[in-house]
Amino acid sequence: MINELEKVLNKVEKPARYIGGEWNSVCKNWNEGKVKMVFAFPDLYEIGMSHLGLQIIYKVVNDREDALMERVFAPWIDMEHKMRELGLPLFSLESHRPVADFDIIGFTLQYEMSYTNVLNMLNLAGISLHSENRGAGSPLVIAGGPCSFNPEPLAPFIDVFVIGEGEEVINSVIDTYVEKKKNGSGKKEILSALACIEGIYVPSFYRFTYSESETVDRMDCDSSASSEVRKSFIRDVDNAAFPTRPIVPHTEVVHDRIMLEIMRGCTRGCRFCQAGMIYRPVREKNLEILLQQAKELVSSTGWDEISLTSLSSSDYTRIKELTSQLVNRYESDMINTALPSLRADAFSVELAKEVQKVRRSSLTFAPEAGTQRMRDIINKGVNEENLLDAVKAAFTAGWTSIKLYYMIGLPGETDNDLEGIGILSKKVLSEGRSAASKKGKLKVTSSASSFVPKPHTPFQWEPQASLEELKRKQDFLKQKLRGKGLVFNWHDPELSILEGDLARGNRKMAPVLEKAWLLGCRFDGWDECFDFQKWCQAFYYFDMEPSYFACRVYRYDDILPWDHINCGVSKKFLASEHKKALEGINTADCREGKCPGCGICRIFKIKPYTAEGDLHVQVQDSL
Amino acid sequence: MYRYRILYKKTDLLRFISHLDLLNTVQRAARRAGLQMVFSEGFNPHPKITFAAPLPVGVEGYKEYLEVELNEQNIPGELVSKLNNNAPRGLEFLKAKEVDKKAGPLMAEVGYADYCVQTEISPGLDSSQLNCFLQNFKDRDEILIQRKTKKGTREKNIRPGVITLEGNVSKQSIIIDMQLRTGSQENIRPDEVINILAKDYLPVGVKNLKIMRTAVYDNNKKTLLT
């Protein structure tokens with residue numbers, strides 16, 4: 001294989017994507033008795049190697065004596081072409097073995113628009129796409145990650161879904177697999193045993209009848225499966241496995257730095273945000289543990305930047321102490337500390353000032369919407385004053401360029417709210433004109449992505465804005481964001497619509513997806529590959545409109561295609577949040593002591609905790 | 001401040017990483033090894049590591065040179081083993097020597113390099129025929145190629161930069177050894193020579209080449225680290 005591979009590598013762009021052998025990568029002896037797993041990331045190496053989840057699972061599996069884990073990423077178009085030409089099967093990076101030789105293939109589903117790559121990778125590996133056609137000789141195909149909270153569009157292709165945080169449950173999966181293999185069990189028995197584990201969903205054990213409105217009319221499940229699958233999650237983040245010897249890529253990847261995860265979950269409760277719902281409750285890591293992990297990471301990787309990652313890093317209770325300790329310890333070694341997700345307020349700018357001794361040119365904030373009315377609808381607890389204070393502080397401190405993230409197509413949005421985006425961006429610019437020292441370099445970049453309603457959020461019932469409407473809104477904004485110092489970026493609305501179809505679709509999306517792949521769709525998230533016409537063709541083939549699921553309205557009393565997946569946040573709470581959204585009423589952050597009643601603490605008998613101990617909240621009954 | 005010149009090799013699959021990737025890889029290995037590197041001044045300080053001559057992606061290098069500036073004095077042998085303990089597979093440090101910190105840039109010393117090109121066997125071609133073809137190439141005074149530059153394509157005579165050119169046909173492959181002008185004044189790439197050979201002189205394929213740089217010399221054809 002190596003020899004064949006070397007010939008190919010001379011002819012493709014960025015061959016370093018495919019060579020493996022990176023520092024801290026693990027290539028174990030290939031012998032009987034070990035469970036052989038391959039972590040499959042359905043996007044480019046540069047994207048996959050920026051994903052902390054991969055590094056965590058890789059460590060957990062390779063720490064076991066009875067298992068090994070290697071990696072594979074989606075080959076870029078040129079590489080796929082060469083591989084197909086030469087009959088080279090999809091291979092792992094560590095031992096360069098065919099992926100089909102492994103016992104278990106584990107995909108991570110980070111983004112709906114990588115689903116065609118999942119199918120393409122199975123095909124390149126020479127593995128049947130459909131679970132029902134894969135017998136004892138085929139690897140078990142499992143999938144996890146945030147998108148598995150609505151697993152249905154991929155149901156026919158995946159044997160086992162891991163719902164929720166995977167670093168503990170993966171051990172139960174391997175234990176069960178080892179035990180069943182020892183007994184000589186077949187695939188069906190293995191699946192039945194796996195289905196008993198909390199957080200495991202075996203889609204072939206469930207059959208659905210859908211109504212005309214594509215909601216669930218009837219669900220039948222095998223006796224070995226439970227009618228509801230609860231997510232798995234980590235109770236104790238301080239003692240959870242964390243990779244202090246992560247793989248250091250040879251070639252530049254998107255996040256080419258130490259990723260020190262400081263907490264799980266987020267208490268803000270933005271109503272559009274799936275991560276804010278499915279990763280509850282908030283769990284902050286202990287400060288001393290973080291400092292120890294940072295020390296090990298610095299010496300084991302040689303990276304020159306420590307990024308404090310989480311959903312909202314300035315919310316970490318002891319963030320000031322953490323950043324100042326890291327800066328004190330590592331500044332003299334020329335190791336930077338970075339805060340990637342900043343809240344839009346002056347406190348966050350203060351933090352950024354402290355860590356970024358070397359001023360980078362730009363700072364990013366996410367007001368998400370242009371008017372207070374709209375920010376109340378989405379429960380974004382930031383007001384205009386917060387944002388303007390933040391940018392004023394940033395301009396005064398020497399930053400010359402501000403990036404602002406907005407969403408368009410949000411529920412209840414009017415042209416007045418879009419107008420507000422233009423007005424707010426201009427206000428930010430004028431703060432710069434009065435505060436910044438280098439006025440000539442001032443730049444305010446506004447990016448507008450199209451809102452996609454996601455399962456397990458208060459907006460899960462909402463239809464997505466239509467393609468025509470999204471285009472009109474973009475054109476409207478283009479007019480409003482003209483002028484010196486203003487830059488406007490937007491996303492492909494066609495892509496957002498398909499993301500909406502795959503996000504809120506049921507099993508009827510599976511054949512459409514397969515058809516789109518057959519027509520040649522892959523790397524849909526990449527401009528140079530995305531082909532909307534092919535997707536349309538796939539929908540039309542099944543007599544469906546390309547926005548069949550995206551623009552669908554669901555009702556509160558409908559059984560939604562993903563209702564058998566329980567993320568811990570109750571449907572009642574989501575519905576109440578939806579109603580409050582329509583009335584423009586905010587919901588308090590549970591960090592402030594008032595429990596909003598989302599239900600997570602009751603169902604899992606847990607309390608949110610910070611680096612200073614348990615949060616003092618009186619847990620309310622779920623609404 | 002102490003300046004070290006280090007001999008290393010970049011082989012196997014690691015030959016597929018770019019020059020920029022190699023720079024990062026060496027920096028990270030040095031950090032893991034706990035070396036106290038000297039950093040440049042300015043807004044974006046970076047460690048002072050310089051290379052003799054960049055290797056094209058896909059080309060193995062067996063006698064490559066770099067220099068690093070350190071704040072602490074190191075015993076050369078220990079420096080080499082510290083780096084080797086922290087280097088990924090395919091990158092190996094062979095020898096180090098402290099050099100005068102006031103010496104000129106390493107890159108400016110480079111003058112020549114030896115390359116060995118392996119290609120697939122072509123039926124019916126033996127060593128004497130091969131060398132006959134190579135002689136035809138050498139007999140010319142001018143061999144023009146088109147080079148892409150930032151300002152468009154430019155014509156370049158590569159013949160004066162090709163110092164030696166010898167071939168050998170073995171059972172498994174054709175091997176062509178060449179010495180080429182290398183460095184900032186004059187630089188000929190081995191693939192430029194091979195492409196001309198394949199086009200005008202030789203019945204060999206250029207699809208599955210393996211190229212090795214076996215040595216890098218100064219302007220007097222002397223080794224850069226004694």
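1. In this predicted model, B:D191 counts as partly exposed, with a relative accessibility of 24%, and B:D191 is joined by a salt bridge to B:R189, where the closest N and O atoms are 3.2 Å apart. B:R189 is likewise partly exposed, at a relative accessible area of 36%. Elsewhere, salt bridges that share partners join A:E165, A:E167, A:E261, A:R264 and A:R283 into one network.

2. Over all chains, the structure holds 59 salt bridges. One of them brings together the side chains of A:K454 and A:E499, at 3.0 Å from N to O. Because A:K454 lies in the loop between β17 (443–450) and α15 (467–480) of chain A, while A:E499 lies in helix α16 (residues 493–504) of chain A, this pair ties together parts that are 45 residues apart in sequence. Both A:K454 and A:E499 are buried.

3. In chain B, the side chains of B:K138 and B:E166 meet in a salt bridge of 3.7 Å, N to O. This pair links distant parts of the chain, with B:K138 in helix α4 and B:E166 in strand β8 (residues 162–169), 28 residues apart. B:E166 is partly exposed, with a relative accessible area of 43%. Helix α4 of chain B covers residues 127–139, and if neighbours within four places in sequence are left aside, B:K138 is in contact with B:R159, B:L165 and B:E166.

4. Where the two chains meet, 26 residues of chain B are in contact with 28 residues of chain A. The area buried between them is about 2300 Å², and carbon and sulfur atoms give 54% of this area. Between chain B and chain A there are three salt bridges, including the one formed by A:K7 with B:E120, whose closest N and O atoms are 3.9 Å apart. Eight residue pairs are in polar contact between the chains, counting pairs with both residues at pLDDT 80 or more. On the side of chain B that touches chain A, the largest share, six residues, comes from helix α1 (residues 19–32) of chain B, and the residues of that side divide into twelve nonpolar, five polar and nine charged.

5. How many disulfides are there over all chains? The count comes to zero. A:C147 is in no disulfide, and the nearest cysteine sulfur, that of A:C273, is 13 Å away; A:C147 is buried, at 7% relative accessible area. The sulfur of A:C529 is 10.0 Å from the closest cysteine sulfur, in A:C521, which is too far for a bond, because a disulfide needs the two sulfur atoms to be within 2.5 Å. A:C529 is also buried, with a relative accessible area of 17%.

Terms used
Residues are numbered from 1 along each chain as its sequence is written. Chains are lettered from A and ligands numbered from 1 in the order in which they are written. This is a predicted model: local features need pLDDT of at least 70, side-chain atom pairs count only at pLDDT 80 or more; totals for chains, interfaces and linings use all residues. Side-chain values use heavy atoms; hydrogens and water are left out. Buried means under 20% relative accessible area, exposed over 50%, partly exposed in between (1.4 Å probe, protein chains only). Contact means heavy atoms within 4.5 Å. Buried area is the accessible area (1.4 Å probe) that two parts lose on being put together, summed over both. A salt bridge is a side-chain nitrogen of Lys or Arg within 4 Å of a carboxyl oxygen of Asp or Glu. A polar contact is a pair of N or O atoms within 3.5 Å; within protein, one must be able to donate a hydrogen and the other to accept it, and residues adjacent in sequence count only if both atoms are side-chain atoms. Helices (H or I, at least four residues) and strands (E, at least two) are DSSP runs, numbered from the N terminus. Ala, Val, Leu, Ile, Met, Phe, Trp, Tyr, Cys and Pro count as nonpolar, Asp, Glu, Lys and Arg as charged, and the others, Gly among them, as polar.
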